[in-house]
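Hello,

Here is the structure for your files. My notes on the ligand site follow below it.

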Amino acid sequence: MSRIVYVNGEYLPEEAAKVSVFDRGFLFADAVYEVTSVLGGKLIDFAGHAARLSRSLGELEMENPLTEAEWLAVHREMVARNGLEDGLIYLQVTRGAADRDFAFPEAATPTVVLFTQSKPGLAESPAAKTGIKVASVPDIRWGRRDIKTVQLLYPSMAKMAAKKLGADDAWLVEDGFVTEGSSNNAYIVKGGTIVTRNLGTEILHGITRAAVLRFAREAQMKVEERPFTVEEAQGADEAFVTSASAFVMPVVAVDGAVLGDGTPGPVALRLREIYLEESRKAAV
Ligand code: PDD
């Protein structure tokens with residue numbers, strides 16, 4: 001069945017949705033994006049994604065083409081027109097189409113695209129019951145990972161490298177420390193303390209991360225925001241990753257070293273439960 005895609009103010013069948021070959025998103029990866037999950041037809045953490053979109057655009061000196069209220073209306077319209085119950089809404093804003101030039105064009109109109117991905121039972125993912133295995137690979141991405149740009153070739157290669165090593169996903173390592181996963185934030189748990197990389201330009205400031213750390217602190221769990229090594233992760237009691245698409249996903253092995261008894265740990269499972277419950281309540 002054809003989806004309804006949003007392109008620059010129009011809702012079109014996906015076959016009719018087109019952008020220019022001169023679009024800077026296509027030519028320079030000059031574009032930012034957001035992925036928001038939908039559970040029961042409602043948007044999870046929408047305000048956080050809207051705020052980060054605004055920040056990413058600002059860092060790249062791009063105008064935000066819509067207000068937060070307009071973004072919300074478009075997201076809701078996409079849910080309605082696609083009959084989306086559980087799944088994801090992908091949104092991308094590019095600097096627009098202009099004759100190819102490294103300098104930013106003086107006046108380009110941003111290209112705005114949204115599409116949905118239906119994922120029935122997204123919150124009941126079988127992987128959350130078994131946990132995933134991660135393999136470490138060098139983090140050779142650019143230096144502004146706090147901006148959510150569509151430069152995703154290296155994360156894509158890292159994920160493929162991890163799969164070749166028999167793992168499900170990659171953990172990226174820079175200067176001896178784990179930065180984050182290929183498309184998620186990374187955590188370890190030792191002696192009840194949750195450890196995750198501190199915010200900076202080295203990682204994406206995950207919207208799920210912010211919510212999960214808030215819930216963890218509210219539940220009196222100890223949180224340390226600092227870098228950790230692969231060796232420290234291999235000696236941890238448990239580990240997990242967070243993202244808008246995976247929520248809280250337990251990690252059961254790091255570079256072949258099995259954590260605990262090789263099944264999802266209690267902290268990851270509890271945080272997944274709290275996150276899903278609270279986020280569903282706050283969904284819009
Ligand atoms: N990825 N780190 C990276 C590099 C990411 O790409 C993502 C999200 C995250 C988690 O951020 P959030 O909790 O806001 O989703 C961390 C999305 C899901 C993607 O690219 O599909």
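A polar side-chain atom of Glu-180 lies 2.6 Å from a nitrogen atom of the ligand. For Lys-148, the distance from a side-chain N or O atom to a ligand nitrogen atom is 3.3 Å. A polar contact here is a pair of N or O atoms within 3.5 Å.

The protein covers 90% of the 480 Å² of accessible area that the ligand has on its own (Shrake-Rupley method, 1.4 Å probe).

This is a predicted model, where local features need pLDDT of at least 70, side-chain atom pairs count only at pLDDT 80 or more, and totals for chains, interfaces and linings use all residues. Residues are numbered from 1 along each chain as its sequence is written, and side-chain values use heavy atoms, with hydrogens and water left out.

The shell has 19 residues around the ligand (a heavy atom within 4 Å). The closest are Tyr-33, Arg-52, Glu-180, Ile-207 and Thr-208. By type, five are nonpolar, 10 polar and four charged (Tyr and Cys count as nonpolar, Gly as polar, and Asp, Glu, Lys and Arg as charged). Domain 1 (4-120) and domain 2 (127-282) each give at least three residues to this shell; the domain bounds come from an automatic or database assignment.

Best wishes

Note on methods: A polar contact is a pair of N or O atoms within 3.5 Å; within protein, one must be able to donate a hydrogen and the other to accept it, and residues adjacent in sequence count only if both atoms are side-chain atoms.
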